[in-house]
Amino acid sequence: MQAVSLFGSALKTTSPERSFPTLRGHPPLIEQGDEFSTPDGIEPPETGIELVLPRERAAVYTATPLAYYLGANVVPGENPRLTAEGFEHSLTSSHGLETAIADTLQQVFFLDCLIRTEGYYQVDLHERQQVEPLVDLDFAALYDASPAERLEAYLSVPFETLEPYLPDWHLTTDVVPTPDNVKSLPFVANDLSLVRCPPKPTTRTVRSQPKPLTEFYRADFVRGTDSASVNDIVQPDPSNSVENAWIGDGYPLGSNKTTVESCRRRIEQTVPDESNIEIHVVCNDERMKEEGVVNEFYGFRDLLEFDVKISYGLTIDELTELFAQPLDFVHYIGHIDDQGVQCADGYLDAETLDTVRTKAFLLNACRSYEQGMALVENGSRGGVVTLSEIANVSATKVGRALARLLNTGFSLRTGLEIAKNEILTGYRYITVGDGGLSLVQCESGCPMHLRVRRRDEHSLEVDIVVYPSYPCGIGSLFRPHLNADNTQYLNSGVIDTRTVSEAKLDEYLDCGVLPVIFENRLNWSDKIVASDLI
C-alpha cells in the first residue's frame with residue numbers, strides 16, 4: 001500500500017489532461033527487500049484523495065491503476081471506499097470489488113477526457129457530444145476544480161448513464177496475487193490496465209485435432225496417436241476489453257503471457273543506432289518454402305527502410321548466432337519438439353542460449369510456447385508462439401497475415417488477434433513477453449481496421465476499430481476521415497459505425513493500407529474495392 005501510494009508521483013499533472021498518455025509518466029519500479037524505503041524525490045501529488053482497501057494483496061493489486069491515476073493515498077480499512085474532503089464513495093458492489101474498481105477507473109478517466117476539451121485542447125469530441133446532454137455537470141467549472149471536487153462530481157453520475165458511451169477498454173490484465181508479482185504493478189499501472197486477480201486459475205487441456213488428409217503438421221508429438229496435449233494451459237475468464245494479458249504461472253489460452261522482465265526491457269531499451277528495421281525469415285523445412293514468401297509482406301512502407309533477409313536450413317550454430325544479433329524480428333518457419341528448434345544438423349534448445357538480442361519473434365511451429373518463453377527469459381522482449389499442433393496450411397495463413405499486420409503498425413498482441421481469425425484453430429496462438437511491442441509506428445498514429453457488412457446493393461455498414469499503441473496510448477485522439485467534419489474520437493475499440501456508399505468506401509480504402517474484415521475474412525484495402533464485398 002505504501003508503494004502504490006507513491007505511483008501518482010509519476011503524473012505530470014492532476015488536471016483532466018492526465019488522461020493524455022504523454023502526461024502520465026511511468027510509476028517508479030518496485031524491488032523486494034527487508035524494509036520499506038524510497039529514493040529521494042519521489043513524492044505523491046497532493047490530491048486529498050484516499051483509497052481505503054482491505055489488507056489483502058488481491059485488493060491492492062486490483063486497485064493499483066486506479067490509485068495511480070487518481071494520485072490517491074492507499075490505506076487499510078474494513079469497507080473499500082474512496083474518500084476526499086468529506087466526500088465518500090463506496091467500492092462495495094454486488095458484482096464484487098474488482099468490478100467496482102474497474103467501473104470507477106473507466107468513469108473517472110472517461111469524464112476527464114470530456115472535461116479536458118474545456119482547456120488547451122478544445123476539439124469537437126464525439127463522446128462529449130453524446131454524453132453532455134445526459135449529465136448535470138458544469139464542464140467549464142469542473143475543468144478548474146480540484147481533483148477531489150472533480151472526483152465527487154464525476155461519481156455523482158450513475159455508471160449506467162455513461163456505460164453505453166465508454167470506449168472499449170484497451171486491456172485487462174490477470175495478475176495472480178503472489179508476493180513476487182508485486183514487481184509487475186508499475187507496468188500494469190503504466191498501461192492503465194484493468195486488473196483482475198484470479199484466486200485459483202482453472203486449467204484446460206489443449207488437444208490436437210485429427211490430421212486432415214490434405215494437410216501435414218509441423219511436428220509429430222503424437223507418437224502414433226492423435227491425443228497429445230499440453231497440460232499447463234490456464235483458462236482466463238472472458239473480459240470485455242480489446243486485449244488481455246496474464247501475469248502468473250501457466251500459459252493463458254487466448255491471452256498474452258507477460259513477464260516482469262520483458263516489461264522492464266520496454267523501459268530499458270535504447271534508441272537504435274540505425275533507422276532501418278531488420279527482419280530475418282528462417283525456413284528450416286523444405287516443404288514449407290511456400291510460407292517463405294512472407295518476406296514480401298515486410299517492408300511496404302514508403303518512409304521506413306526495411307532490411308529483410310531469408311535463410312533456409314540454418315544449423316544450430318547459425319541459428320544461435322542469429323538470435324544473438326540485435327534484430328528487430330525473427331520469423332521462424334519449421335518444426336519444434338521437446339528437444340528444441342529443429343535445425344539442419346539437429347535441435348537448438350533456446351534454454352541453453354547465453355544471449356538473445358532479438359527484439360521480437362514468431363515461432364510458427366507446433367507447440368513452440370516453451371522455446372518462445374525461453375527466448376523471452378534470455379533477453380527477447382516478446383513473440384508469438386503456439387500451444388499445440390498447427391496444420392501447415394493454417395500456420396501459413398497466420399504467418400502471412402501477421403507479417404503484414406506488423407508491417408502496418410499493429411502490436412504483437414493486436415496483430416495476432418486479427419491474424420488468428422484467419423483459421424478456426426487461432427486460439428492455439430498466444431503472445432509471450434511484451435505483447436504491446438510494435439515493430440513500427442502506425443502511419444495514422446493508431447492501428448485500425450474496418451469491419452464491413454453489406455446493407456444493400458449500393459451501401460455498406462462500417463465499424464471503425466482503433467487500437468491504442470505506443471506512443472498513442474489510451475486517451476489519445478483519433479480522426480477517421482471517413483466524413484468531412486472535424487469530429488475526433490477516443491482511440492480504443494469500435495469508435496463509430498457508419499453507413500457509406502460504395503464510392504465513399506473506395507475513396508477511404510485508397511487513403512492507405514489497412515485490414516478490412518468482411519464476413520470473418522481478412523482482406524487488405526490495397527487489394528479490394530467495395531464491389532468485391534458481396
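The protein has 13 helices and 27 strands. Helices here are DSSP runs of H or I with at least four residues, strands are runs of E with at least two, and both are numbered from the N terminus. This is a predicted model, in which local features need pLDDT of at least 70 and side-chain atom pairs count only at pLDDT 80 or more, while totals for chains, interfaces and linings use all residues. Residues are numbered from 1 along each chain as its sequence is written, and side-chain values use heavy atoms, with hydrogens and water left out.

Buried residues make up 57% of the 534 residues. Buried means under 20% relative accessible area, exposed means over 50%, and partly exposed lies in between (1.4 Å probe, protein chains only). Contact means heavy atoms within 4.5 Å. Among contacts between residues at least 6 apart in sequence, 69% join residues at least 24 apart.

Start with the nonpolar cores. Such a core is a set of buried Ala, Val, Leu, Ile, Met, Phe, Trp, Tyr and Cys residues joined through side-chain atoms within 4.5 Å. The largest core has 63 residues, and those touching the most other members are Leu-51, Leu-70, Leu-82, Leu-114, Leu-137, Leu-151 and Leu-162. Helix 2 (residues 97–115) gives the most to this core, with 11 residues. A second, separate core holds 30 residues, including Leu-314, Ala-350, Tyr-369 and Ile-430. Not counting residues up to four places away in sequence, Leu-51 touches Ala-63, Ala-67, Ala-72, Asn-73, Val-74, Val-75, Arg-81, Leu-82 and Leu-91.

Next, the helix pairs. Two packed helices are described by the angle between their axes and the distance between the axes. Axes are lines fitted to C-alpha atoms, for helices over the stretch in contact, and angles run from 0 to 180 degrees between N-to-C directions. Helix 1 (residues 57–70) packs on helix 2 at about 15°, with the axes 10 Å apart. That makes helix 1 roughly parallel to helix 2. Angles under 35 degrees count as roughly parallel, over 145 as roughly antiparallel, 65 to 115 as roughly perpendicular and the rest as oblique. The crossing of helix 1 and helix 2 is left-handed. A crossing is left-handed if the near helix is turned anticlockwise from the far one by less than a right angle, and right-handed if clockwise. Among the residues that meet are Ala-63, Leu-66 and Leu-70 in helix 1 and Ile-101, Leu-105 and Val-108 in helix 2.

Helix 11 (residues 392–407) and helix 12 (residues 412–419) cross at roughly 135°, and their axes come within 9 Å. These two helices are therefore oblique to each other. Helix 11 passes helix 12 in a right-handed crossing. The contact includes Val-398 and Leu-402 of helix 11 and Leu-412 and Leu-416 of helix 12.

Helix 10 (residues 369–377) is mostly covered, with seven of its nine residues buried. Among them are Tyr-369, Met-373 and Leu-375. Gly-379 follows helix 10 and has a positive phi, near 140°.

Now the sheets. Two strands pair if DSSP finds at least two bridges between them. An open sheet of 10 strands has the order 6-5-9-11-20-19-18-14-12-13, with mixed pairing. Strand 6 (194–196) and strand 13 (306–312) stand at the edges with a single partner strand each, so one side of each is left without a neighbour in the sheet. Within this sheet, strand 14 (residues 329–333) and strand 18 (residues 360–364) pair in the parallel sense over five bridges. Phe-329 has Ala-360 in strand 18 as its bridge partner.

Another open sheet has five strands in the order 25-22-21-26-27, also with mixed pairing. Its edges are strand 25 (493–501) and strand 27 (521–524), each with a single partner strand, so one side of each is left without a neighbour in the sheet. The twist averages 30° from one strand to the next.

Strand 22 (residues 459–466) runs antiparallel to strand 25, joined by eight bridges. Asp-463 stands opposite Thr-497 in strand 25. Seven of the eight residues of strand 22 are buried. Strand 21 and strand 22 form a hairpin with four residues between them. They pair in the antiparallel sense over seven bridges. Strand 26 and strand 27 form a hairpin with two residues between them, and Glu-519 in the turn has a positive phi of about 50°. Helix 13 (residues 502–509) lies across strand 21 (448–454), strand 22, strand 25 and strand 26 (515–518), running at about 130° to strand 25.
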